[in-house]
Amino acid sequence: MKYVYLIFSNLKRKKLRTGLTLMSIMVAFLLFGYLAAIRQAFDAGVEVAGADRLIVRHKVSIIQLLPQSYEARIEQVDGVDNAVASTWFGGIYQERGNFFAQIPVVPEELFDMFPEYIVSDEQKAAWLATRTGALVGRGTMERFGWKLGDRIPINATIWRKKDGGTTWEFDIVAVYDGAEKGTDTSQFFFRYDYFDESRANGHGLVGWYTVRVSDPDRAAEVAAAIDAEFANSPQETKTEPEGAFIQGFANQIGNIAFIIISIMSAVFFTILLVAGNTMAYTVRERTSELAVLKAIGFTDRGVLGLVLGESLALTLVGGVLGLCLAMLLVSMGDPTDGSFPVFYMPASAVVVGCGLIVAMAFVAGILPALQAQRLQIADALRR
């Protein structure tokens, strides 16, 4: 701590260069924080997926449907506690950019399977009593400014009505919140009985089943048993953990994790070169001064620590400013105006960011610091 004043005095020697380097580091960590929030948005639901829940879908593709009669057969498999059917509706509200998931379900079964959806008893009762009723996540309610009692038209892209129309109208009678921060509150649930009675085709078919197993340790065994139950049938199944199923939806856009890591690797490599160049110039310009420090009693390790301290101070200030700015901007809300199911910077990203600050400081400063450590007093003073 006694060398802190000396460290910051050296950094202030070339204020413009130090300032530009600091801003570059700050922008890199700002981008890191923002991309971490975006990745969290694409992974929404994966982290809070139930360890005791499986998804049963058609073996060929998620767009292939399964008979509703499969539910009773699934529930008879040893180790299965309950099964709930869901179907992708794929409608549009007003314009194509207004995307959110709409899913017909059996209301009585939904809350037992998904305890992370928090709804008041009064609103649950209203949904059970309203044939055209809808349960909407808080995120989507706030995104469009909806309120309880609103009647919402959804234009179908897949499911036409019996009369040939494509506009389905729903009454918002219930709103759900998430029990955990990562819970997806962008979904729009409506009653399967209304959906099945009103659609023009596909009666008695569903998209997939969510299955709860009685013992999570037996999940793989139960999944194999379910698929064996429907082997060689016209609609064979593929059973997988809920987290893997949700991740599969995100991966339809692309390997988001790989894309983000690639971008950040390129950014940090570039900033690392900038910071390393700054430290190299700093040591080169102070060759005589470093020799004087050694002459008056500074050890080689002391000089090494001094240069590494300067590198750490530079990256620490820039990195912390960048992370703080990222948290501030992320807290201001989803930049897509609600298209992401969740949007926040996870605590793990802050921890990783702090680790990157230390790593960048060491890598950027170690070569200049070793150069300063090996400096010979006589040779340096003759320059």
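**Surface patch, salt bridges and cavities**

Leu321 is found in helix 12, where helices (H or I, at least four residues) and strands (E, at least two) are DSSP runs numbered from the N terminus. The model is a predicted one, in which local features need pLDDT of at least 70 and side-chain atom pairs count only at pLDDT 80 or more, while totals for chains, interfaces and linings use all residues. Residues are numbered from 1 along each chain as its sequence is written, and side-chain values use heavy atoms, with hydrogens and water left out.

At 42% relative accessibility, Leu321 counts as partly exposed (buried means under 20% relative accessible area, exposed over 50%, partly exposed in between; 1.4 Å probe, protein chains only). Together with Val4, Phe8 and Val317, Leu321 makes a nonpolar surface patch of about 290 Å². Helix 1 (4-11) and helix 12 (300-331) are the elements that give two or more residues to this patch. Patches are made of residues with over 30% relative accessible area and no salt bridge, like charges being joined within 9 Å and nonpolar side chains (Val, Leu, Ile, Met, Phe, Trp, Tyr) within 5 Å. The areas come from the Shrake-Rupley method with a 1.4 Å probe, and for residues only the protein chains shown count as cover.

We turn next to charged pairs. The structure holds 14 salt bridges, each defined as a side-chain nitrogen of Lys or Arg within 4 Å of a carboxyl oxygen of Asp or Glu. One of them joins Glu229 and Arg73, at 3.2 Å from N to O. Glu229 belongs to helix 8 (residues 219-229) and Arg73 to helix 3 (residues 70-75), so this pair ties together parts that are 156 residues apart in sequence. Glu229 is partly exposed at 35% relative accessibility, and Arg73 is partly exposed at 32%.

In another salt bridge, Glu197 pairs with Arg131, their closest N and O atoms being 2.7 Å apart. Here helix 7 (residues 192-198) supplies Glu197 and the loop between helix 5 (121-129) and strand 6 (133-137) supplies Arg131, so parts 66 residues apart in sequence are tied together. Glu197 has a relative accessible area of 42% and is partly exposed. Arg138 and Asp177 also form a salt bridge, with 2.8 Å between the closest N and O atoms. Since Arg138 lies in helix 6 (residues 138-144) and Asp177 in strand 8 (residues 167-178), the pair ties together parts that are 39 residues apart in sequence. Asp78, Arg218 and Glu221 are linked in a network of salt bridges.

Grid points are joined across faces, edges and corners, and a volume is the space filled by probe spheres set on the points. The largest cavity has a volume of about 50 Å³. Its lining includes Asn10, Arg13, Arg17 and Thr278. Helix 1, helix 2 (15-42) and helix 10 (256-285) are the elements that give two or more residues to this lining.

Finally, the backbone deserves a look. Gln94 has a positive phi of about 70° although it is not a glycine, and Gln94 is found in the loop between strand 3 (80-86) and strand 4 (102-105). Asn232, in the loop between helix 8 and strand 12 (237-241), has a positive phi near 65°.

Note on methods: 1 Å grid on protein atoms, 1.4 Å probe; cavity = no way out; pocket = protein on both sides within 12 Å on 5 of 7 lines; lining within 4 Å.
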